[in-house]
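Please look over the sequence and the structure first.

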Amino acid sequence: MLKTVRNIIRQSNKIVFLTGLGSIVECGGRDLWASDIFYSIEKKYHMCPEQLLSAGEFSSRKERFYEFYKKEVISYLPHPDETYEIMKSVEEQGNLESVISFNIFGLEKLAGIENLVEVAGSVYNNYCPKCLKTFDVDYLLSSRSIPYCDECKKALRPNLRLLGERVDNDLYTQAAIHCFNADTIIVLGADLGSSKIQYVTGHYKGSNLILLSKEEKYGDRFADYTFYGNIKDNMKKLFV
Ligand SMILES: [Zn+2]
């Protein structure tokens, strides 16, 4: 199968990569849903990560939202590894249609990838809802409790899709168009059974949906080819 998929990739010039949680964990990112972390968060905050990162929490209990967000989310920023360097090299060779990120840690941008749709937002984009001035992660981390705009004193917000908020239709439409245009889609550490991912991959017309995943998931049956194990190692086997 490896030889077949390497040949498919060699003949592809409109590749879409779709990055999920598995691809950030290998870069030192934190999986808030891993059972030990999930349990310690529930114990400490008496809520699960979804509830803590919800629109309701942000609008009515900002102090707790930011306590959680600063301590548990943006204190653990991952750095791009070779997986992201390989995607960048595909872009440099002119064979990239787009990277569609379902993560919030901006690893693709850090790796210099330009053809990118961040459907879930990015921790690196924070803004004042009143004057729209933008602020970096360090500004948030150095604020004592809730970070405020230094000009109009409004509480800042991270540009993320919070639970309970509507998805950004424009971004999902862009992602769906890229999948429609793609000759090959390579999914890195995401669950193909999730409805958000199905929405975008549902527009793909080809038969080269390749999944790289650490472990088996229910949605894997939607893939045409699957490689289990370390994502970075499998990326190297396929591309290098
Ligand atoms: Zn402002």
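The model is predicted: local features need pLDDT of at least 70, side-chain atom pairs count only at pLDDT 80 or more, and totals for chains, interfaces and linings use all residues. Residue numbers start from 1 along each chain as its sequence is written. Helices (H or I, at least four residues) and strands (E, at least two) are DSSP runs, numbered from the N terminus.

**Domains**

- The protein is divided into domain 1 (2–29 + 79–120 + 166–239) and domain 2 (35–73); such bounds come from an automatic or database domain assignment.
- The centres of domain 1 and domain 2, taken over C-alpha atoms, are 28 Å apart.

**The six-stranded sheet**

- Six strands form an open sheet in the order S3-S2-S1-S7-S8-S9, and their pairing is parallel. Two strands pair if DSSP finds at least two bridges between them.
- Strand S3 (116–118) and strand S9 (225–228) are at the edges; each has a single partner strand, so one side of each has no neighbour in the sheet.
- On average, neighbouring strands of this sheet are turned by 15 degrees against each other, direction ignored.
- Strand S7 (residues 184–188) pairs with strand S8 (residues 209–213) in the parallel sense over four bridges.
- Across this pair, Val187 stands opposite Leu211 in S8, and Ile186 stands opposite Ile210 in S8.
- S8 is mostly covered, with five of its five residues buried. A residue is buried if 20 or more other C-beta atoms lie within 10 Å of its own, exposed if 12 or fewer, and partly exposed in between, with C-beta atoms placed from the backbone.
- Both faces of S8 are covered: the buried residues are Leu209, Leu211 and Ser213 on one side, and Ile210 and Leu212 on the other.

**The three-stranded sheet**

- Another open sheet has three strands in the order S5-S4-S6, with antiparallel pairing.
- Its edges are strand S5 (134–135) and strand S6 (157–160), each with a single partner strand, so one side of each is left without a neighbour in the sheet.
- Strand S4 (residues 121–127) pairs with S6 in the antiparallel sense over four bridges, and Ser122 stands opposite Asn159 in S6.

**Helix contacts**

- Helix H1 (residues 2–10) and helix H12 (residues 231–239) have axes that come within 8 Å and cross at roughly 70 degrees. Axes are lines fitted to C-alpha atoms, for helices over the stretch in contact, and angles run from 0 to 180 degrees between N-to-C directions.
- H1 and H12 are therefore roughly perpendicular to each other. Angles from 65 to 115 degrees count as roughly perpendicular, those under 35 as roughly parallel, those over 145 as roughly antiparallel and the rest as oblique.
- Leu2, Val5, Arg6 and Ile9 of H1 make the contact with Lys237, Leu238 and Phe239 of H12. Two residues are in contact if their C-beta atoms, placed from the backbone, lie within 7 Å.
- By class, this contact of H1 with H12 has five nonpolar, no polar and two charged residues. Ala, Val, Leu, Ile, Met, Phe, Trp, Tyr, Cys and Pro count as nonpolar, Asp, Glu, Lys and Arg as charged, and the others, Gly among them, as polar.
- H7 also packs with H12, at an angle of about 30 degrees and with the axes 9 Å apart.
- In that contact, Glu82, Thr83 and Ile86 in H7 meet Ile231, Lys232, Met235, Lys236 and Phe239 in H12. Its residues divide into four nonpolar, one polar and three charged.

**Helix H3 and single residues**

- Helix H3 (residues 35–45) is hardly covered, as the count of buried residues among its eleven residues is zero.
- His46 follows H3 and lies in the loop between H3 and helix H4 (49–52). Its phi is near 60 degrees, a positive value in a residue other than glycine. His46 counts as exposed, with 10 C-beta neighbours inside 10 Å.
- Leu132, in the loop between S4 and S5, has a positive phi of about 65 degrees although it is not a glycine. Leu132 is exposed, with 8 other C-beta atoms within 10 Å.
- Leu141 is found in helix H9 (residues 137–142) and counts as partly exposed, with 14 C-beta neighbours inside 10 Å. Leu141 touches Lys70 and Ile74, not counting residues up to four places away in sequence.
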